[in-house]
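Please examine the sequence and the structure shown here before reading on.

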Amino acid sequence: MPLGIQVLGLVFSAFILYLSFLYYKKKEFTLTEWGFWALFAALFATVSIFPGLLDPIVTNLNLGRKLDFFIILGFMFLIAATFYTYRITRHTDKRVEELVRKMAIEREEKKRNK
Amino acid sequence: MKTFAVIPAHNEERHIAQVIRETRKYCRDVVVVDDGSRDKTPEEAKKAGITVLRHAINLGKGAALRTGSEYSIRHGAEAIVFIDSDGQHSPADIPRLLKELEGADIVFTYRNLRSAHMPLTKKFGNLVLNTLLKLLFGIRIIDTQCGFKAMTSKAYKTLRLISSDYNIESEIAAKTGKYRLRFRQAPIETIYNDRYKGTTPIDGIKIAMMMLWWKFSR
């Protein structure tokens, strides 16, 4: 009988697969992007059904439980996502600022040149 | 020396007309940068017949000062005077600042930091930031956070300012030390129209961290 956590993993994989497919159909994801998330969902589903596949990794990393592996992976993902979001926000901020300042000067100069 | 006064303004419809009127007595070229105001600040400024640059959205004091300065330099400014739009500075001090600028690259001004009118949090914030400035950049500026200052266009270009918000005041002070610019300091009278305007303690923490960045970045 499967463990509750395995069922949860499968549901999560199905949800990711569905969501990425939805975005692909809405043309918000390219085929490659959908492929990436579908592969991620498939891998997650496989590991949920056959957790034994993780044994070599867990043993090599000296982790007590398979769940610890996911917790560490989760933290790493969160830090990476925070860093990525920060970089994007900074970049967008800078571009908006440059644009607004440029527009302010150009608008006034156009008015003066009329 | 062809001088432009740059006045950054955000929701200052109550004071802007008076500030412009007073500033024009001492400076022929006045540039107001309306930083995305939601009130009638730009309309009030335009009535005075001066140059009004408008940021479509609010970017912050630093961005407004940079926009105004770049515009002024493009139009032949040799010196720039920064003055706040809330009426806390007296434009009558401008000639004194320009006189001081003859022997310097930048003129900082300082408020009476012992004044009973100055909010206590601002006094404490100034003390911390000034100490940090001395430690990191080796210069002693009495009042880093005062927005009333004058500088030559050459000095402005040397500073290569990047701050968009209130950090700009500290950035100017820090980079004056970093690039070894010649500076002078002049006392001014200040009227506090709004006790809650300006930097907050959170800004102070951010400025302290940015000082380290300005110190070690190229």
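The text below treats the contacts between the chains and then the nonpolar cores.

The model is predicted. In it, 17 residues of chain B are in contact with 11 residues of chain A. The area buried between the two chains is about 1,300 Å², and carbon and sulfur atoms give 54% of that area. Of the area that chain B buries against chain A, 29% is supplied by Leu59(B), Tyr71(B) and Arg74(B), more than by any other three residues.

The polar side of this interface comprises three salt bridges and eight residue pairs in polar contact, with both residues at pLDDT 80 or more. In one salt bridge, the side chain of Arg74(B) meets that of Glu109(A) at 2.8 Å, N to O.

On chain B, strand S3 (51-55) and helix H3 (61-74) each supply at least two residues of the side that touches chain A. H3(B) gives the most, with six residues. The classes of residue on that side of chain B are as follows.

| Class, side of chain B touching chain A | Number |
|---|---|
| Nonpolar | seven residues |
| Polar | five residues |

The largest nonpolar core has 35 residues. Ile106(B), Leu133(B), Phe137(B), Met151(B), Ile172(B) and Met211(B) have the most contacts inside this core. A second, separate core has 25 residues, including Val30(B), Val52(B), Val81(B) and Ala186(B).

Residues up to four places away in sequence being left out, Ile106(B) touches, among others, Met151(B), Ile172(B), Leu181(B) and Phe183(B). Its partners also include Thr176(B), Arg182(B) and Arg184(B).

Key. Residues are numbered from 1 along each chain as its sequence is written. Chains are lettered from A and ligands numbered from 1 in the order in which they are written. This is a predicted model: local features need pLDDT of at least 70, side-chain atom pairs count only at pLDDT 80 or more; totals for chains, interfaces and linings use all residues. Side-chain values use heavy atoms; hydrogens and water are left out. A nonpolar core is a set of buried Ala, Val, Leu, Ile, Met, Phe, Trp, Tyr and Cys residues joined through side-chain atoms within 4.5 Å. Buried means under 20% relative accessible area, exposed over 50%, partly exposed in between (1.4 Å probe, protein chains only). Contact means heavy atoms within 4.5 Å. Buried area is the accessible area (1.4 Å probe) that two parts lose on being put together, summed over both. A salt bridge is a side-chain nitrogen of Lys or Arg within 4 Å of a carboxyl oxygen of Asp or Glu. A polar contact is a pair of N or O atoms within 3.5 Å; within protein, one must be able to donate a hydrogen and the other to accept it, and residues adjacent in sequence count only if both atoms are side-chain atoms. Helices (H or I, at least four residues) and strands (E, at least two) are DSSP runs, numbered from the N terminus. Ala, Val, Leu, Ile, Met, Phe, Trp, Tyr, Cys and Pro count as nonpolar, Asp, Glu, Lys and Arg as charged, and the others, Gly among them, as polar.
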